[in-house]
Amino acid sequence: MKPAGTVSLSANLGRIQERMAAACRRVGRSGPVTLVAVSKTVPAERIAEAYRAGVRHFGENRVQEFEEKHRLLTLPSALWHLVGHLQTNKAKRAVELFERVDSVDSLRLAEKLAAAARAAGRTLPVLLQVRLGEEQTKHGVRPEELPALAERIASLSSLGVKGLMALPPFREDPEEVRPYFRRLRELADSLAGRCMPGVGMGVLSMGMSHDFEVAIEEGATEVRLGTALFGPRPLP
Ligand SMILES: *Cc1c(COP(=O)(O)O)cnc(C)c1O
């Protein structure tokens with residue numbers, strides 16, 4: 001017999017993949033779009049279930065929470081993304097725990113991460129988190145500050161900028177989030193046009209459980225899904 005939860009999780013995954021594919025078809029994209037399973041508050045056992053169902057990219061938003069959970073997990077080809085705000089004093093630990101940091105929003109943080117990555121003998125891929133306006137969070141770099149930040153970070157040889165991430169405001173109607181997604185794509189296009197060595201703009205991480213289809217229509221290459229896959233989280 002399958003352990004409780006397995007059936008619904010793989011059914012959720014199947015439905016999500018169908019919806020992702022349909023969104024690609026609507027705009028004539030051939031993909032690929034990566035599903036990043038945001039597993040904050042989700043117990044290790046349920047994360048392992050998602051892995052068995054085929055998920056390989058996972059996102060966590062707190063270093064400490066993941067530090068505790070990852071000891072319980074042996075998932076050889078899982079790739080871990082830090083998607084939440086990172087305090088500079090946790091940069092070293094983040095470099096040890098995560099394959100990619102998706103929430104870089106200041107030069108100070110980038111420098112700490114670069115130093116930790118250099119000490120660890122690795123190159124750390126990162127995304128720049130952009131604050132498009134009206135977000136619940138105060139984190140993220142403002143669009144007008146983005147080119148200068150990207151340029152400074154490009155000179156840190158142990159970091160590799162791969163693209164942009166954003167967390168637009170929640171709207172009941174996902175259509176109302178579309179302009180934010182479009183704006184992020186335009187920002188990525190304009191940065192790509194500046195041709196900065198060491199700064200790639202191939203990744204656009206945008207779209208969450210309630211609006212990921214609109215994000216894909218607007219060019220998301222990665223969507224970050226928590227509740228759509230794992231079910232509702234406990235209230236904070
Ligand atoms: C929690 C979280 C998500 C996933 O949210 P859902 O609405 O549950 O899909 C995505 N991105 C970030 C940065 C998050 O913190």
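These legends accompany close-up views of a predicted model. Local features need pLDDT of at least 70, side-chain atom pairs count only at pLDDT 80 or more, and totals for chains, interfaces and linings use all residues. Residues are numbered from 1 along each chain as its sequence is written, and side-chain values use heavy atoms, with hydrogens and water left out.

View A. Helix α2 spans residues 44–52. Helices (H or I, at least four residues) and strands (E, at least two) are DSSP runs, numbered from the N terminus. Most of α2 is covered, with 7 of its 9 residues buried. Buried means under 20% relative accessible area, exposed over 50%, partly exposed in between (1.4 Å probe, protein chains only). The buried residues include A44, R46 and I47. A48, E49, A50 and Y51 are also buried. Just after the helix, G54 adopts a positive phi of about 115°.

**View B. V33 in its loop.** V33 lies in the loop between α1 (6–26) and β1 (34–38). V33 counts as buried because its relative accessibility is 17%. Its contacts (heavy atoms within 4.5 Å) include M20, C24, I216 and A220, not counting residues up to four places away in sequence. T221, E222 and V223 also touch V33. M20 is 13 residues from V33 in sequence; their C-alpha atoms are 7.6 Å apart.

**View C. Strands β1 and β8.** The two strands run parallel, joined by 4 bridges. Strands pair if DSSP finds at least two bridges between them. A37 stands opposite L225 in β8. Strand β8 (residues 222–225) is covered on both faces. E222 and R224 are buried on one side, V223 and L225 on the other.
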